[in-house]
Amino acid sequence: MYNFDFDGDGIMDTVGIDSNGDGVIDTYHTEMNGMVMESYDYNQDGVIESQTIYHDYNHDGVFETVVKGYDSDGDGIIDDITTYQDLDGDGNEDLCMKGNYTDQDGDGVIDTYDVHTDLDRYHIYGSEEVYGIDNHPSLQAAGNIAGVCIDDLGNFDPEKADMSAVSGDPAQSMKEWEYQGDTGRCALYSQKFVIEELTNQEIDIEELADLAEGNGWFSESSGTPLLNMDKILDYYGIHSEMSFHNEISDLQNCLESGGKAIVTIDADEIWYGESDDLFTPGDGANHAVEVIGIDHSDSNEPMVILNDSGNPQGCGEMVPLDVFLDAWEDGNCQMISCR
């Protein structure tokens with residue numbers, strides 16, 4: 001961990017964190033004048049790929065706006081930005097604006113938004129228009145959607161499913177599911193599932209835990225750091241690629257091409273139907289699961305199928321797509337694709 005005084009006022013306002021313990025800073029946390037900013041260098045090349053900024057404009061301790069952005073083209077400039085607003089101060093998202101920001105005249109100042117608004121939080125963006133940065137349209141808020149509860153989650157049944165409408169091979173993946181119990185081993189179990197599916201060998205979870213803890217990739221008290229979630233896969237020779245800010249189509253393409261996928265989510269939104277904690281810095285993704293399928297049998301309510309080690313009934317756990325997207329977004333839509 002390292003401290004910085006970026007604004008030169010003699011007060012340390014930025015903390016640099018080595019989240020996975022490899023000696024390289026990958027996360028920066030800044031707090032200044034009602035603003036909290038979290039910046040991430042996922043590939044540890046010294047260039048920020050993603051930022052989340054929280055604004056408390058009236059300094060009442062409640063964040064009214066959250067801005068999430070990432071560098072979509074790898075040029076070192078944050079250009080794909082989503083703004084969330086809590087207009088009534090209840091801690092829930094009321095309005096979402098997603099856009100690509102561009103510098104049309106090349107003067108180094110962003111001057112144009114390509115904006116899509118999502119007023120019902122179903123991740124269907126409409127009202128697209130291009131306008132200058134100083135000419136914001138007036139947008140009205142709409143309602144929220146709720147999560148589901150753990151007791152309401154169904155389980156995939158391969159014998160009853162229309163497999164022509166299902167991406168992936170959930171039935172095969174479900175054979176490897178196990179419950180993690182009262183542990184923080186979700187990332188270990190998710191990697192275990194994938195290794196067993198791809199190699200047809202049985203892996204002892206205690207051996208994995210000893211291996212991961214011995215190498216500093218995991219601890220029983222704090223779990224697995226985000227950037228260490230592929231270390232066991234690497235150890236077992238599984239080809240994997242970690243990426244962020246993915247879309248559901250990326251998951252679907254991975255599954256349809258025979259790959260396996262691990263993601264991080266905010267499990268509370270799925271298990272307990274809790275409100276999104278988007279407006280609380282430091283909260284968000286708290287769980288790793290394997291995505292084993294996407295079921296489009298009901299076009300009005302597609303379902304994401306999970307091997308969820310944290311749920312005693314999590315073998316082939318069925319989660320509505322809109323709920324999954326909300327929970328996945330809290331982890332910056334991270335995905336580890338494996339082959």
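I count helices (H or I, at least four residues) and strands (E, at least two) as DSSP runs, numbered from the N terminus.

**Ground rules.** I'm looking at a predicted model, where local features need pLDDT of at least 70, side-chain atom pairs count only at pLDDT 80 or more, and totals for chains, interfaces and linings use all residues. Residues are numbered from 1 along each chain as its sequence is written, and side-chain values use heavy atoms, with hydrogens and water left out.

**Overview.** I looked up the secondary structure and got seven helices and 18 strands. Next came burial (buried is under 20% relative accessible area, exposed over 50%, partly exposed in between; 1.4 Å probe, protein chains only). Of the 339 residues in the protein, 50% are buried.

**Glycine 223.** I found glycine 223 in the loop between α3 and α4 (231–235). Is glycine 223 buried or exposed? Glycine 223 is buried, because its relative accessibility is 7%. Then I checked contacts (heavy atoms within 4.5 Å). Not counting residues up to four places away in sequence, glycine 223 touches Gly184, Trp217 and Phe218. I also looked at leucine 188, which is 35 residues from glycine 223 along the chain; their C-alpha atoms are 8.9 Å apart.

**Asparagine 20.** This one sits in the loop between β2 (14–17) and β3 (27–32). At 7% relative accessibility, asparagine 20 counts as buried. Leaving aside neighbours within four places in sequence, I noted its contacts, including Asp26, Gln44 and Gly216.

**Salt bridges.** My criterion is a side-chain nitrogen of Lys or Arg within 4 Å of a carboxyl oxygen of Asp or Glu. How many salt bridges does the structure hold? I get five.

Glutamate 178 pairs with lysine 192, with the closest N and O atoms 2.8 Å apart. Glutamate 178 is in the loop between α1 (170–174) and α2 (186–199), while lysine 192 is in helix α2, 14 residues away. Lysine 192 is buried at 1% relative accessibility, whereas glutamate 178 is partly exposed at 29%. I also see Glu178, Lys192 and Glu196 linked in a network of salt bridges.

Glutamate 197 bridges to lysine 260, the closest N and O atoms being 3.3 Å apart. Glutamate 197 lies in helix α2 and lysine 260 in strand β14 (residues 260–265), so this pair ties together parts 63 residues apart in sequence. I checked burial here too: glutamate 197 is buried at 5% relative accessible area, and lysine 260 is buried at 10%.

**Last stop.** I looked up glutamate 207, in helix α3 (residues 205–214). Glutamate 207 is exposed, with a relative accessible area of 52%.
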